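These are my notebook entries from a first look through this structure. I wrote down each thing in the order I looked it up.

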Amino acid sequence: MGNLRGRGGLTGLFLTCCTHHKGRTVFYGVGVKLDRVLVYGLGRSGRGAARFLARAGVRGEWLDARPGAEDEALMAELGWAPGDAGGEYDVVVAAPGVPIDHPDLLALQSRGAEVIGEVVLAARLRPALPMVGVTGTAGKGSTTVLVAGLLRAAGLNAREGGNIDPPLLDVVDSAEVAVVELSSFQLERVPGLRLPVAVVTNLGVDHLDRHGTVEVYHAAKRNITAGQEAWDVLVAPEGLTIPTRAQVRPFSPGRIALADGTPVLPTSELPEGVHPANAAAAVLAAEALLVHLGRPVDAGVLAGALLAAQPVSGRFETVARIGKVRFVEDSIATRTIAVQAALERAAPPVAWLVGGRDKGADLAPLRAAAAGRVAQVIAFGEDGEALARGLGLPYRVVSGADGEATLREAAQAGLDALGGPAGEGSVLLAPIGTSFDQFRDYRARGDAFRRAAQALAGAAVQG
């Protein structure tokens, strides 16, 4: 990778680096000019981009409509000045939360700036780093963690990042392989991104408030394979057609195996909370990356890693038990496909905690998934009762002085619906609605449920 140094740090054209695969020269990135750089939108992703650029010797500028204290402190520490949406830049690194058609971004593009995201920045400045990209409407975070764990078990220093913590740019300098969770927002801005292995866990409906239509949303997701070539691999669900130049490796939740059919692990032996579909996709992705790098693939090693896998916090995680009742936290389940998966996995009978702020979920598949499994819906939050009515299931409405108190009431109501401490089944937080009516984010909502469930479990032991 070549560069020229100037007063502002690294300037001029970064040349791509490469690796070699089966006699072919493999490029993961293209050139990037960094004379004038603007980081637009701070927060977790933007701060990561600024730190990464600063480590590379780049002194850029920044813009954020509502910078927090942490944002401003970091910019001062790095010596970066506030930027100008009316200015001229070579590259604008835009945070995922900034719509790709934001007027400022369009204006900057009209003056010659290229708008990219953190993933392309990583690919261009670390072009020798192989990345496995993972996207999908549901399951992408858990699959990302599984792929990284499988690769570590196989002897690679694999680090996960991206849409999942930590930011990708915080891990690329310490990783031999990066496994990247990619949201549709991130995939709007990936010009030239080349992934040797890409995974699509599924395609459902989400983020229509951002993308407008399902077709535009799916098009953003399909960008994960747009830069792939014929010797790359795309892992996708059996039966889902995605236009690609890559070799397709289909997966099914009923079979965890290598690409040639060699069994890795029976689905019945997976740890609680690890979804078979995610495990099946992760095995194929890990195998493809190992083959790409010329590393041996050992089905026994991969099986051992799956047996040791733990569910990602906040993804269908059992957070407490009282006798035969378990409390399952899946606060991130706000997409129909994710809620449906949670309902199908939860041990019946189910007391289903539904609420938050509705973002227009399709309830029809959920009615079918709930049939014969859900004993009662516990409705909470801004749109909980409306969602419960739309589901057409028996429901009870609970509320509290704040979000924390509301989740305490909901957890207790769920336990009561299953017959109390002597009952059995699942108290499931798979809320459909977003958390923003009462909480900072889905993690805060999940943490409140966890505390409520564990308090009930503690009281049951003392009683």
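Predicted model: local features only at pLDDT ≥ 70, side-chain atom pairs only at ≥ 80, totals over all residues.

I looked up the make-up of residues 314-412 and noted 35% helix and 28% strand, with the end C-alpha atoms lying 19 Å apart.

I then turned to the domain assignment of the protein chain, which gives domain 1 as 37-116, domain 2 as 127-308 and domain 3 as 317-462. For domain 2 and domain 3 I noted that the C-alpha centres lie 29 Å apart, and that the contact takes twelve residues from domain 2 and ten residues from domain 3.

I reminded myself that the size of an interface is often given as the accessible area lost when the parts come together. Domain 2 and domain 3 bury about 850 Å² between them, and 44% of that area is on carbon and sulfur atoms. Which three residues supply more than any other three of the area that domain 2 buries against domain 3? I found that they are Asp206, Glu272 and His275, which together supply 45% of it.

Entry 5, charges and polar pairs across this interface. Between domain 2 and domain 3 I counted three salt bridges by the rule, and five residue pairs in polar contact, both residues being at pLDDT 80 or more. On the side of domain 2 that touches domain 3, I sorted the residues into three nonpolar, five polar and four charged.

By the same rule the count comes to 23 salt bridges. One that I followed up joins the side chains of Glu88 and Arg36, at 3.9 Å from N to O. Glu88 lies in the loop between strand E9 (81-82) and strand E10 (91-94), while Arg36 lies in the loop between strand E6 (32-33) and strand E7 (37-40), so I noted that this pair ties together parts that are 52 residues apart in sequence.

Terms used: Residues numbered from 1 in each chain as written. Heavy atoms only, no water. Helix = DSSP H or I, 4+ residues; strand = E, 2+ residues; numbered from the N terminus. Domains from an automatic or database assignment. Contact = heavy atoms within 4.5 Å. Buried area = accessible area lost by both parts, 1.4 Å probe. Salt bridge = Lys/Arg side-chain N within 4 Å of Asp/Glu carboxyl O. Polar contact = N/O pair within 3.5 Å; in protein donor to acceptor, adjacent residues only side chain to side chain. Nonpolar A, V, L, I, M, F, W, Y, C, P; charged D, E, K, R; others polar.
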